[in-house]
Amino acid sequence: MGRVYNFSAGPAVLPEEVLKEAAEEMLDYKGTGMSVMEMSHRSKAYEEIIQTAEKDLRELMNIPDNYKVLFLQGGASQQFAMIPMNLMKNKVADYIITGQWAKKAYQEAQIYGKANAIASSADKTFSYIPDCSDLPISEDADYVYICENNTIYGTKFKTLPNTKGKTLVADVSSCFLSEPVDVTKYGVIYGGVQKNIGPAGVVIVIIREDLITEDTLPGTPTMLKYKIHADNASLYNTPPAYGIYICGKVFQWLKRKGGLEAMKKYNEEKAKILYDFLDESKMFQGTVRKEDRSLMNVPFVTGNEELDAKFVKEAKAAGFENLKGHRTVGGMRASIYNAMPKEGVEALVAFMKKFEAENTK
């Protein structure tokens, strides 16, 4: 069978152009006679791959010189520990709980110091972003933490919280490179790449240099010190070499597409097609407060579990993969990351209209 429309939340759809390029280079990367998968991370060819990837990412995001870009392993989940280990100087941090991943990060931070949940949207199954304009920020907080786009619940911070001068740390795993971003507003901006950038196995951390110090919590493993990775240009040990190579190709694909301004416009067009249908449909409803809707993850329900299950099954048979929602929300979820073509969203909406007509008495 041909390519399906893959609406998976992650690992997720990658640009077809990138996959074709990687396939062409699989056995012989640029005349080296070997695959990038087989290449020493200390080789000249690989050094060029990782350096170009960083350069392209810096250009795309307009990353200032006083921020380091680190290509690490362990996924976003390892950052839940790495952040407090490296940043909790006063052993206090404030967390805004807008979903499962923010909650897990908050629970992990409690191992290392006093983590305060200063706002939460748990009362309505994380279907909105709480007002963060005037929060009870702790005077001695080392940082304020958010998960900027909530993959499971389909919410997105449209306005960053007022941290009252404290360092903002943001997990952007599922909105990474989907729109322009002012890096200077963050102390740390990080994300697993397997949703919007590359294959699973890489997490990118963009961190302001003054936050990278020798002064980590006692017992912090060498591998979990930002300074070690920053001083060694992400090559302290063998990095996830092939994953970084694919990320680099995606960065170049994004540049060809016109960068992050162009991607934002495209993503807004795609999301509008689906949200407009959900707003007029009698059968399907979106689950998120309108002003907090994500451009990347769109959860929706029929209100009937059997009908939801029937929809997911028939959608799969029609070539729409991974539409089952997360168990905490139920229903369906369409993740429409950068690499999901507009045609995929249009085809999904056409299928939903047909399903609605066939299943309405």
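S121 is a buried residue, with a relative accessible area of 0%, where buried means under 20% relative accessible area, exposed means over 50% and partly exposed lies in between, for a 1.4 Å probe and protein chains only. This is a predicted model, in which local features need pLDDT of at least 70 and side-chain atom pairs count only at pLDDT 80 or more, while totals for chains, interfaces and linings use all residues. Residues are numbered from 1 along each chain as its sequence is written, and side-chain values use heavy atoms, with hydrogens and water left out.

S121 sits in the loop between β4 (114-120) and β5; helices (H or I, at least four residues) and strands (E, at least two) are DSSP runs, numbered from the N terminus. A polar atom of the S121 side chain lies 3.0 Å from the backbone oxygen of Y128. Leaving aside neighbours within four places in sequence, S121 is in contact, meaning heavy atoms within 4.5 Å, with I97, T98, F126, S127, Y128 and P130.

Another loop residue is E148, found between β5 (144-147) and β6 (149-150). Is this charged residue buried or exposed? E148 is buried, with a relative accessible area of 6%. Its side chain makes a polar contact of 3.3 Å with the side chain of K156, and a polar contact of 2.8 Å joins the side chains of E148 and Y186. A polar contact is a pair of N or O atoms within 3.5 Å; within protein, one must be able to donate a hydrogen and the other to accept it, and residues adjacent in sequence count only if both atoms are side-chain atoms. Beyond its neighbours within four places in sequence, E148 is in contact with residues including T155, F157, L160 and C175.

F157, in turn, belongs to the loop between β7 (155-156) and β8 (168-171), and at 2% relative accessibility F157 counts as buried. The C-alpha atoms of F157 and C147 are separated by 8.4 Å, although these residues are 10 residues apart along the chain. Not counting residues up to four places away in sequence, F157 touches I96, T98, I129, C132, I146, C147 and E148.

Helices also contribute buried residues: in α4 (residues 100-109), Q100, A102, A105, Y106 and A109 are buried, and what covers them includes α3 (75-87), β3 (92-97), β4 and β5.

How do two helices pack together? Helix α7 (residues 259-280) and helix α9 (residues 342-358) pack at an angle of about 5°, with their axes 9 Å apart. That makes α7 roughly parallel to α9, because angles under 35 degrees count as roughly parallel, over 145 as roughly antiparallel, 65 to 115 as roughly perpendicular and the rest as oblique. The contact is made by residues that include Y266, I273 and F277 of α7 and V345, L348 and M352 of α9. By class, this contact has nine nonpolar, no polar and eight charged residues.

F277 and F284 form a tilted pair, 6.1 Å centre to centre with 50° between the planes; F277 is buried at 6% relative accessible area, and F284 is buried at 0%.

Note on methods. Axes fitted to C-alpha atoms, helices over the stretch in contact; angles between N-to-C directions. Nonpolar A, V, L, I, M, F, W, Y, C, P; charged D, E, K, R; others polar. Phe/Tyr/Trp six-rings, centres within 6.5 Å; stacked < 30°, edge-to-face > 60°.
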